[in-house]
Structure formats: structure tokens, C-alpha cells
Amino acid sequence: MLLSLMIFVPLLGMVVVLLLPRESEELIKRVTLLFTFIPLILAVYLFIAYDRSSISSQYMVNISWIEKFNINYHVGIDGLSVTLILLTALLGPICVIASWRNIEKGIKAYMALFLMLETGMLGFFAALDLFLFYVFFELTLLPMYFLIGVWGGPRREYAAIKFFLYTLFGSVLMLVAMIAVYLTSGDPGSRTFDIPTLITLASTEGHALNDLNFQIWVFLGFFIGFAVKVPIFPFHTWLPDAHVEAPTAISVILAGVLLKMGTYGLVRINMAMFPLGLDRFTNGSDFWGYSLALLGFINIVYGSFCALAQTDFKKLVAYSSIGHMGFVILGLAARNDTGVSGAILQMFNHGVISAMLFLLVGVLYDRAHHREINGFGGLGNKMPIYTGITTLAFMASLGLPGLSGFVGEALALLGAYAKYKTLTILSTIGIVIGAAYFLWTLQRVFLGALNPDYEDIPEINGREILTLVPLGILTIVLGVFPHIVIDMFSVSVTELTKVMGTFEANL
Amino acid sequence: MEITLKTLIFYGFALMTIGSALAVVTVRNIVHAAFALMVTLFGVAGLYVFLQADFLAATQVIVYVGGILVLILFGVMMTSGRLQMRIHIERGQLLLGGGITIALLMLLLTVIANTPRWKNLSDDGTEFAPTTSRIGELILNEHFLLPFEIASVLLLVALIGAALISRKEVRD
Amino acid sequence: MVVLLISIILLAPLTAFAIHALLGLAKQGFPRQDILSTFAMLVAFICSILLFWQIAPDPKPHTIDWISLGSITFSMGFYLDSVTVIMLIVVTLVSSLVHIFSIGYMHGDPRYPRFFAFLSLFSFSMLFLVVSDNLLGIYIGWELVGLCSYLLIGFWFEKDSAADACKKAFLTTRVGDVGMFVGMMMLFTRFKTLSLYDGADAGIFTLVEGLSGTGDMIWLSIAGVLIFCGAVGKSAQVPLHTWLPDAMEGPTPVSALIHAATMVAAGVYLTARMFPILTTSSSLVIAYVGGITAIVAATIAIVRFDIKRVLAYSTVSQLGFMMLAIGVGSYVAGLFHLTTHAFFKALLFLGSGSVIHAFHAMHSHHDEEHSDDGEHDHGLIHEHGSEIPPDQDMRNMGGLRRKMPLTFITMLIATLSISGVPFIFSGFWSKDKILGGVLERAMEWNSIHHYILFVVALIAAGITAFYMFRLIFMTFFGVPQNQEMHEMAHESPWVMTVPLLVLAFLSIPVVNPLWFNKDYVKPPEQHHIHAPEHAQVLPDSKTRNSDFSFAFLGVSDAHAAEGEEDGHAADAHHAHSPAHSIAMILSIIVAGVGILLSWLFYHKRRFSAEAVSTAFRPVYNLFWNKYYFDEFYDGVLVALTVWKSRLFAQFDGSIVDGIVNGVGTVTRDVFAAFTGFFDNSVVDGLVNRIAEITWAAGGRIRRLQTGAIQTYLFVVVGGIVLIILIFRVL
Amino acid sequence: MTLQHYLVISAILFSLGIFAVLTRRNAISILMGIELILNSCNLNFVAFSRFVTPPENIDGQIIAIFGIVLAAAEAAVFLAIILAIYREFGSIRPDEVDTLKG
């Protein structure tokens, strides 16, 4: 019940916001903040109260929804989802605060859409019914389209449509796969969308879902759906456009949460439900697993190199996201405790760090009204606190030990090395290039002599610091005590890899 | 059929009703028509008495004659400004309307004549107890309470509505 | 007690940093933040001294679980043996002295508190690195010191050269670190742990003993070399040495602490820590890298004029010596040189800082001369060989020994030490021990590699003596070259000279208490070093290396005899005695020649350096241009990377995105054109027909709508009548 | 006096009412026609109540009372509308009020 309350509180908030008069903008913002703050409190409570030693889903609610098709409102959380729910709930209020002054028109519609988006995201991470899962997945798409398309930059329509079509393309394939799974799950009357049930069925020897060929095709269907979201090369080109055009807070949500929906789906559906699809192509070869690792590698190296060439600050961060999501893919491809834990941790950490990066870009953009990296210089002297926080975020992102980015990356690489030695070694190029583009950016923006155009640039203000400090603290704390998060899902991960390990042993 | 005083009076009322109703629809002067309507209403009240509906008869007189008819007269005065307002009737319309009316009447009479259940139900002359107290009980104490209350609300609404519609609009 | 002391040592600088950081965020700095850091450092130093007496003979790691993942647990903890304690003392001592020195040197800098914050963070990271018992912890400390180095090199970031240098330092070391990380991945995948020592489970050093066979040996050699890559980056070994001279853009105390005494020595420390996993071939790689670095850096140093660059190349060269020592198995010699070098090199840097400070008065601020260059060409490709700042140019100095007597004397002691002037200076003992170790290995194994390395090291030692005295002569002797600057020069205040005196004191081994405890440092066992077939009868490597105290007494024969009780130890004595004696004699000779030549060139002016450089123009150019390493990196590697990134970005923009847009366009134009046609003619045609019919019908039917109520009523009543009639009829 | 007597009277009243509604060119006359129709209905109710149902059941009369109430309300609203129309169009001739003409 608590979980459902958390999911639907933002939706309630949307209704309340819609009822408020358009003119009372301050009130709208405050109400939105309140309604994003409640899920945060609940998420923190769930995070603390979650039983870390249990593998089964907790806080489950299972109510019949569409009886005719055996569709249920089935939600619950395990270690993986509670982590991402916390991330989502944390970014909610931060984004509202970040939007406080920057959104000039239609604040009411903006906030209402934002709240709707939050419900979609929270619901997605909690859904345990495939149909519900899909509904929430699509529920995030629509508000995102409008948020980019209405409140975005100059090329917002293009970016929004690109984002929309891309994701829709993926989700249509996903829908096909989903229906295939449903139809295969049993005789008419006993068909089900229930994820835990499907997982059990898919691992039952002799069941139609357990068929190798079937799993490969369904795996591919879901995979492309999620790959667009992650995004995995070559489905990534919507990301830089969407990021560059989206307003700051929406970029934060996009990078912080929406990308994680893709990888979350990969873990929750592809890896847990169709391990055969990933694990065996033909007897003895690891074709799909290797392909996945290869995609991870391409993401890392390709994203990093592309980032190095960017001169638009935001585009650079966007490409760096592509690179960092590559570590997640690589870690997942490893399919062992270390790799998968690293991948999940990286999901969380990347959410926090990329949120910081986009907020920081937003801060600079609000002052200078451009994002051209070469157009700055020497800001370190004028904005020492901003420079300090940026350095922290950059260092975290380039994987400096002691900050959170390192742990996830390191674990993912350590795990992946056990399986794919060459690819992993080549992927470490990404670490160097990552350091290169961040340090180069740091130099071009903050170091050197002051660009006279920015003689009077104001220092970061209290509201902006307020959005950054929680994330910064989290970055440091999770860098030093990563087990806070890892303990949440280590039991689930062990279970997952055990399932996959049994298949592996059959190779 | 034995012709008694009672029967005579009945036919008297019947004729009065129908005749005056005919006047209502035919006379050209609207004020005359209104007065003819008054007679019709009295006639119906008389028929109610024959049907042993004493309370209803009284109500008919008080409400219709005392209320509605006065209302109509007020309407006439306020719309025409003079009491001698003529009613135009077009010939074609009159013929068509008359035809339809006669057809309708024929139809109704045929139905009345040909419905076997309604035959031979005659007034045996039994006197019933006055209905007033029974009506009061039914309306205020038994299953007509709710319709009664609704009717009262309806009246109120009609009152307010009428007042609202007919008041002079305040032009900005 | 040990845990408590370690905690204090680590937490003191960390706390200082945290306080600095919070104050900075709140914009609430107070003027004397320097005291905070310095005090924290002194506390750590005192605790280290206490720890020196506490150290147990059989060290065990103290660990806690850091991350648990199913079957795998990463632990964090510390491990204290004699080496750790010596490193702790060296780091805290030098760090404390540098803190004190900085109070004077950095006085008046606008970012004064920040400087001390970074110093504190550095000290914490360095100490963390030193005490960690596992590779992950070492790696964390390793990267953190890299960060501090980055921040401190770029401390005066308004200077483009500083901004370039800090980036270069971080990136170059990161290349090495990635190699180290790959090495860690190899070890982890094999052993499922990153702990080095036996705790609850067996550590890497125990597990590695079980390896045998050619395949495993090759594997282990690769892993060892990869781990060593980290050290190559951090300790500025060839080919990743180029960042260290550029790092001199940082404030001089930073150069002394980070880029001379501690951080760059961490590479040596790491390699020494990894001693048990080194194999014959990986050791040889390390030895060669060390030897080449020693000679290359020394030759470059000869022709530098920037006082700090000379010292930087000298540092690189000395680090090469230490690596060489580890590579030939002279564990103790390497670490011994590490400690002696830490003191005398820190002293040299602080001394040069004192000189620079003396000239500093006329340059009101460091970035002044750069404020007018409006160009902001921050390419990833950096500009090198930037102008030497006048206050660091040795050609502007000369005759300073009267102006700054204390600085002169202390720097002279350090120079004598580094040059290997015998018997009373610490550098002699440690360097001699290294040379002896190399020769000993060469003689034992009869290995041509090690003979070559010995010759290389000997030459490097001679060159070291030459260029160090060149520095002294150019700076302190002769006539002032720049009269105006000379007038302004003055002796530094006491906060700067006191650290110099302390360090000078420490450069004389007789007074250095650390060396008294004989056999204090014991090298760990190496199981995978195999002598070649034709080798001589081997002494046991354990005893061979256990003679730390020999170095102190300098009389190896006498001392060695004391500890020997069993048979083959006598062989050991027999085997290494001649090597060390020969090495000692040769090193004294080359040092003497070096100093003599230097005296003739730069003091007596008997020979002209210009004439010699003209005569050997190609060689001179090679030295002057630092063997073209930077040009190679910038022109080839960096350019290639940038080019590749542009290519990828272009590919992304035009090809990948082009395909996406192309698919979109094709869909829209072709597919949509077809469906559009179908839609227009068929589907829409149908729709339009229906609409037209409806429209026309509406046009006719609407006439029925007269608006007159009575018409409607007619129809209604008539209709009713009709309906009833019809149904009656039926 | 049988039921049919009353029914015939009622039918005639009803037809006359319809006739008035259909033919009269004055809104108030139409109202009078409607009153006739309502009266004929009431008369039917009472007559059926008297002859068809048991004597103690007088529901028909009650319905008739409600019919009267309805008539009153209807008359009031009707007249109000007529007044409004009169103010708007200056006439109460229904054939002149044809804004809704198609």
C-alpha cells in the first residue's frame, strides 16, 4: 500500500496542480515540490525498511485489474528496484527546485507533466506485471515528449519527435515480444503477464517459454526496446539531441532515470526471464553474451571519443553518458556477481553524477546563455564554489577512487574481465579518454586567464547549491561506503547470477 | 338508461366543459378565451365531484381558477398591453390542424369504444368517505412523501426560474 | 594501539581537509588556516614516531569488509611492517616540514587557505596509500594523490602553462594507472581477491607461491609488468616521465613534497610492495626501465637552465635508480635510496624555493607576466618549452652564497649527498648500495643485461654529480649575472630556513636514527625469480638482502660476518663482498670525475660549455629537446586521439545519425508518398464523398427545420396519429 | 355514468387542446391548449382511479394533484419565457420566433 501511495502521490499532485489557477505560479511550484517530496520520504523509508536478506519482492500489492486478460495491478520492490526508486524520488524534488526560475512559460502545464512523468517512472520500477510495466513505460514517454517539445531549446521539435519515434520504435518491438510471451505462457485462460510467474515458467524445463529459439527472438525484441532507451550504439543518436534541447531539469531526469529504465529492463526482463536467449546461441559458443559485451565496449570507447570532440558542454556530457552506460552493459554482459553488481551500482551512481553534471551545465547556461566550451575560460577565479563542485562532479564521473563513479566502473570491469579479457582491456581506453575530455573541459572553462566577457559572472546561488549538495554528498558517501547501496541488491544479484550460472554450467 | 337528476347534472357539466373548451379554441379574443377556459376548469371540477374526488375538485378550483388562470391573464396583459388582443388564425393551418385533431379524436374514441376491459364499469352510486384525510396521510406519511417533497422543490425551482427568466436583464 | 595510532595518522589530515572544505563552501575562511593543517601533520608525525616503537615483529593486516558481493568480498585495511612505518615517518616528516616552509613561501597568496587544504588532502591520500594492505586500497590512494597533484600543479591555474601541466600530469599518470588496473583485473580474476597479505583468507602473495609452469610464469610476468605500469606513470619513468618536469609549474613546496619526496616515490614503494609477485622477466623489465630512465633524465638535466627543471629531471633520474634496484632484487637498497632521496631532494627543492622566493619580491605575483597574453588557445595539444620564468633561470643567478648563507650550506649538503660524495652523506650509501646490488646480480648470474645496467647506472651517477654541481656553481658561486635581481635577493625568513636545516641534518646518515636498528627491514620472499642456467652458485636471496645496516656502517665485511651463522650465509658474504667493494670504488671515482668536470666548466671556466655543445650539436639538440618525447606525444599520440575523436564525432553526426535521419526521410518521402497517394485517392476519397453527400443532404433537409414550433408539433402529432393508425391496421 | 363517459369527455378535451396548440397563433392561447390537455389527463387519472382500482385506492387522485402542481409550475415558467421572448422579439407569435430556422 505504501508503495502504491508513493507511485500515485505525484499523479494526485498533478490533479491538484491542474486545479490551481494558472496565475499563482509560486503556489504551483510549492505544491509540486510538496508532491515530489512525499515520494522521496516514502522512498527513503522503503530504502531503510527494506529487508536486505530476502530475495523475494517486498511491499507487494496484487489486485486484479483487467480480469479478462488476467492482467493484474501487481507491484513490489526488490533490491534493484528500491535503489532506482530512491534515485528517481531523489531527483524529483531536485528537478523541481532546478526548474524554479528557468521555466518561463506555462509553469502549470510543465509541473503537471513533470508529476505525471514521476508517477510513470516510479511505477515502472515497481511494476511486476508485464502489462503494467509496459503501461508505465509508455506513461513516461508522453510527458517527456511535451517537456522537450514545448520547453526545449531552438530545435526542440526535432529533438522531441526524434526521441518519441525512437522510443516508440523500440517499445513497439517490445510490445510484440510481450504479446508473444503472453500467448506462449499457457492455454487460453491460464495466460499471464505476471513477471515472477513468467520467470518461473521460463525456467521450467519443457515449458514453451523455455524453448531456446523462442527465448532468443523474444530476447531480441525486448533488447531492442531497452537498447533504444539505454541507449546502446547504434540507437543512441536521439540522446545528444534530446539532451541539448531539453531544459536542465528534464536533461537531469533523462540522464538520471530514463536511461536507467533501459538497463533496468535488461536486468529485470531480459536477463532474469530469458537467460537462455543470452547464454546460448549454439552449443558451446557465447555469441550473444559476447555481442552484448561488444556493444558495451563500443558504447564506452565510441561515446568517450565522441565526447572528446564536442565543443558544446551539454553535448559533451550527453556523450559521456553514452560512454558510462557502456560500463553498465559490459558489467551485465559479464553475468557474474561482480559484474552485475558493478553494473547496477553504476546505474545508480551514473544517475547521481550525470544529474549533477547536467545541473552544473544548466547553471552555467543560465548565466552565459551559451554552452560553447571554448567560449569560456578562467572562470575558476570568479566562481570558486561552482568550480569546486564541478571538479567534484567531473572527478566522480571520470572514475576517481573515493567518489562513487569509481566503484561501479571498477566492479563492472573486474567482473567483465573474467569473461571477456580483450574487450575489457580495450574498454579501459575509455577511462583514459574520459579523464581527457573532462580535464580538457575543466581547463577550457575554468583554468587559464579569465575571459573578459565574464568579468561579472555571478557565483552559483543558494538555490543551485541546494540542488547540487545532496548529490555531491551522495557521491562522496557512496564512494567511501558503497555497500550502503550494494547491500540492497547483492542478494538479488546472487540469485540472478546463480540462475544464469546454472545455464552457463550446461554449456 | 334511467334519466335521473344526477345524470342530468352530469350531462350538464359535461356539456359545459366541452362547450367552453370549444370556445377556448375558437374565440378570437384572447380574454374571452381565458374566461371560457375558466368555465372549462369549473366543469372539470364538477366532474371530479361526480367521481367522488372532493379534495381534488376543491384543489382544481383554487389552483387553476385562482392561480393559473390569473397568471394567464397577467401574461396577456403584460404581452399585449391591451385586453382586446385578437388571435390570428390562418386558414391552411386551421384546416390541417382540424384534420389532425379530428383524426386524433376518432382514434381515441375508437380505442375507448373497442377496449373491452373498460366496458360496463358503471358508477353504482356508492358513496365513499371523504378523501381529504386519506390524501393527507398518503402524501405526508406514506409512500408519496418523496414525490411530494420533490414536487415542492420543483415548484420552488420553477418559481425562481420564472422570476429569473422574466426579470428585466441588466445590460452592461 | 596500532589501530588507534593509524587512525589518528589518517584522520588528522583528513579532518583538517574536511574543515577547510566546509569553511570554503561556506565562504568562511579564517586567516590562520595554515596552522590547522600544519598541526594536523605534526600530530600525524608524532603518531608515526610512536608507531615506530609499537610495530610488531610479525605484522598482520587489520581489515574490515568493504563490499560484499555474494561469494566475493573486497576488504579494506592496513598492513604495517617496517617499510610501512619508515614510509609513514618519511611522509609525515617531509610533509610537516613542507607545511612549515609553505607558511613562509605561500604567504600573501590569494588562495592561501586552499593551498593548505590541498596539502592536507594530499597527506591523507599518501598515507592511505602507504598503509593499505590491498591493491584496491592502494589504487584508491594512488588516484587520490594523483588528484591532489593535479590540483596543486594547477594551483596557479591562471597561467596557461600551469593549466596545461596539471592536465598533462593527470592524464599521463592515468595511462599508467589503467595499466595497473588491468594488472589488478588479471590478479583478481585469477585469485578472487585483491588483498596482498593473508588475512581471513589467503592473500595474493601466498596464492602466487602456488603458481608454476611456463604459462603461469608468462601470465604472472605480464601481470607484474602491468602493475608496474602504474609505477611508471606515477614515478615518471620513461616513457611516461614527461609530466614531471612540467609539474614544476606548481608552487615549489608542492614540488618538494609531491614531485620529489613522496608521491613520485609511491611508484617505487608500490613496486617494492609487489616484490613477491615479480618474476625473472618482469624484474628485468623493471630494471631496464629504471636504468634507461636514470640515464635519459640525467642527460636531459645537464642542459637545463631552469633551476626547478634541473631538479625535476634529477628526481626522475633518481627514481630510475630506485626502480633499477627493485628490478635487480635489491629491495633494501631501493627503499633505502627512497628515504635518503626523499630528504635530500626535498631539501634541494625547498632550497631552490628559497632562492626563488628571494628573487620573488620583484615579481609581485606569479601570473603577472601572463596576464597580458589574451590568447586562450587551450588545445589538448599543449605548448612546451615555455619561457623560463626569470626568477627560476639559473643564468640570472650567481654569487648568492653570501646573500643566502643558510640556503647555500643546506643545499650544498644535499648536493654532496645526491652526488654520492662518500662516507658522511646519506646519498652515497644508498646509491652505492644500488650500484653494488646491480653488479652483484650481474656477477652472480653472469648476466650481460645486468652488466649493461651497471655501466649505465654508473654513468648516470657521474652525470648526476656533474649537473648537480653545475647547479650549485651557477647559482651560488661566481659573479651575479643579473645585478638588479641580485640586489633584491635576501635570506628567507626562519619558517623557511628551519625546515632546510632539519632536512640537511637528516641528509647526514650518522644522525639519522632510522638506520640504527639493524635488520630492521627484511625483504619479502620472491618465489619466481630464477637464475639463468649458467649462473654461479647462488647465495640465499633472503640473507643477501637483509643487510640494510651494512649501508649505514659502510663496512659490509665486518658487519656481514656478525649475522652469519649457517654455512651458505658465508657463501653469501663471499659472493657479494667483491661486488660492493668494486661498486663503491667505481662510484667514488665517477662522482669525483663529475664534480671535477663541473668545477672546471662552471667555476673555473676552464672549458666552455657553449663550445662543447657546438661541437656535439646533434647530441646537444637531443638533450635540449628532451629526446623529443613531448613532440612525439603531442604530434603523434595526442593528435591521433584528437583526430580519432573528431572522426568518431563526424561518423556519429553524419553516418549514424545520417542513417537515422535517412530512414526517417525515406519513410516519410517514399513510403509516405505511396500511402499518401492511397490515402488521398482511396481512403480520403471515400471520406470526402461521404462528406459531400452528407453536406448536400443536409442542405436540403435543413429546410425542414423551420424554427417554428408549431410546425414541429404538427409533425409530431400527425406522426403519432399515423403510427397508431398503422399499428391498428396491422 | 360509465367510465366511457368520462373517457369520451377527456378525449374531446384532449383533442381540443391539441387543436389549440396546433393552430393558435398566440403563445398564450397555446398555453391554454396545454392546460386543456393537462386537465384531460387529470380527468382520466381520476376516472380510472374511481372505476378500475379498488375504492380505497386513491393513487389516481394523488397523481392528479401532482399533475396540477406540474401545471402550475409549467404555467409559471411558460409565462416567464413568453415575457422574455416578448422583450426580445416584440411579439409572441410563435411563427415569428424562428431563430432556429435551418
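Start with one lysine in chain C. K626(C) is buried, because 22 other C-beta atoms sit within 10 Å and 20 or more is the cut-off for buried. Where is it? K626(C) lies in the loop between α26 (617-624) and α27 (629-701) of chain C. Its backbone stands out too. K626(C) is not a glycine, but its phi is positive, about 55°. Most residues other than glycine have a negative phi. Please keep in mind that this is a predicted model.

R335(A) sits in the loop between α13 (313-334) and α14 (337-368) of chain A. Buried or exposed? R335(A) counts as buried, because it has 28 C-beta neighbours inside 10 Å.

Helix α8 of chain C covers residues 214-234. At 1.5 Å a residue, its 21 residues should span 30 Å, and its end C-alpha atoms are 30 Å apart, so the two agree.

The peptide bond from V238(C) to P239(C) is cis, with omega near 10°. Most peptide bonds are trans. P239(C) is in the loop between α8 and α9 (243-246) of chain C.

Chain A has a cis bond to show as well. The bond from V230(A) to P231(A) is cis, with omega near -5°. P231(A) lies in the loop between α8 and α9 (238-245) of chain A. Helix α8 of chain A runs over residues 212-229. This helix has 18 residues and reaches 26 Å from first C-alpha to last, close to the 26 Å expected. Its buried residues include F219(A), F222(A), F223(A) and F226(A). Q215(A) and K229(A) are also among the buried residues of α8(A). Remember the helix geometry: there are 3.6 residues a turn, so residues three or four places apart point the same way.

Next, chain A as a whole. Its secondary structure comes to 21 helices and two strands. How does its radius of gyration fit a compact globule? With 507 residues, such a globule would be near 23 Å, and chain A has 22 Å, so it agrees. Along the principal axes, its C-alpha atoms fill a box of roughly 75 × 55 × 40 Å. Buried residues make up 63% of the 507. Of its contacts with a separation of 6 or more, 79% join residues 24 or more positions apart.

One serine in chain A is a handy example. S397(A) lies in helix α16 (residues 384-397). S397(A) counts as buried, because 28 C-beta neighbours are inside 10 Å. Beyond its neighbours within four places in sequence, it is in contact with S320(A), I353(A), L357(A), G405(A) and F438(A). Its C-alpha is 44 Å from that of A208(A), a residue 189 positions away along the chain.

Chain C, in brief. Count 28 helices and two strands. Buried residues are 53% of its 730. Of its contacts with a separation of 6 or more, 82% are between residues 24 or more positions apart.

Now, how do the chains meet? Four pairs of chains touch, and chains B and D make the most contacts. On that interface, 68 residues of chain B are in contact with 59 residues of chain D. On the chain B side, α3(B) gives the most, with twelve residues. By class, that side divides into 48 nonpolar, 18 polar and two charged residues.

Zoom in on one helix pair there. Helix α2 (residues 30-50) of chain B and helix α2 (residues 27-51) of chain D have axes that come within 11 Å and cross at roughly 5°. That angle makes α2(B) roughly parallel to α2(D). Among the residues making the contact are L37(B), L41(B) and V44(B) from chain B, and L36(D), L43(D) and V46(D) from chain D. The contact residues divide into twelve nonpolar, three polar and one charged.

Chain B also touches chain C. There, five residues of chain B are in contact with six residues of chain C. The chain B side has five nonpolar, no polar and no charged residues.

Last, which pairs are apart? Chains A and B share no contact, and their closest C-alpha atoms lie 27 Å apart. Chains A and D share no contact either, with closest C-alpha atoms 36 Å apart. Thanks, I'll stop there.

Conventions: Residues numbered from 1 in each chain as written. Chains lettered and ligands numbered in written order. Predicted model: local features only at pLDDT ≥ 70, side-chain atom pairs only at ≥ 80, totals over all residues. Contact = placed C-beta atoms within 7 Å. Nonpolar A, V, L, I, M, F, W, Y, C, P; charged D, E, K, R; others polar. Helix = DSSP H or I, 4+ residues; strand = E, 2+ residues; numbered from the N terminus. Buried ≥ 20, exposed ≤ 12 C-beta atoms within 10 Å, placed from the backbone. Axes fitted to C-alpha atoms, helices over the stretch in contact; angles between N-to-C directions. Parallel < 35°, antiparallel > 145°, perpendicular 65-115°, else oblique. Expected span 1.5 Å × (residues − 1). Rg over C-alpha atoms; globule rule 2.2 N^0.38 Å.
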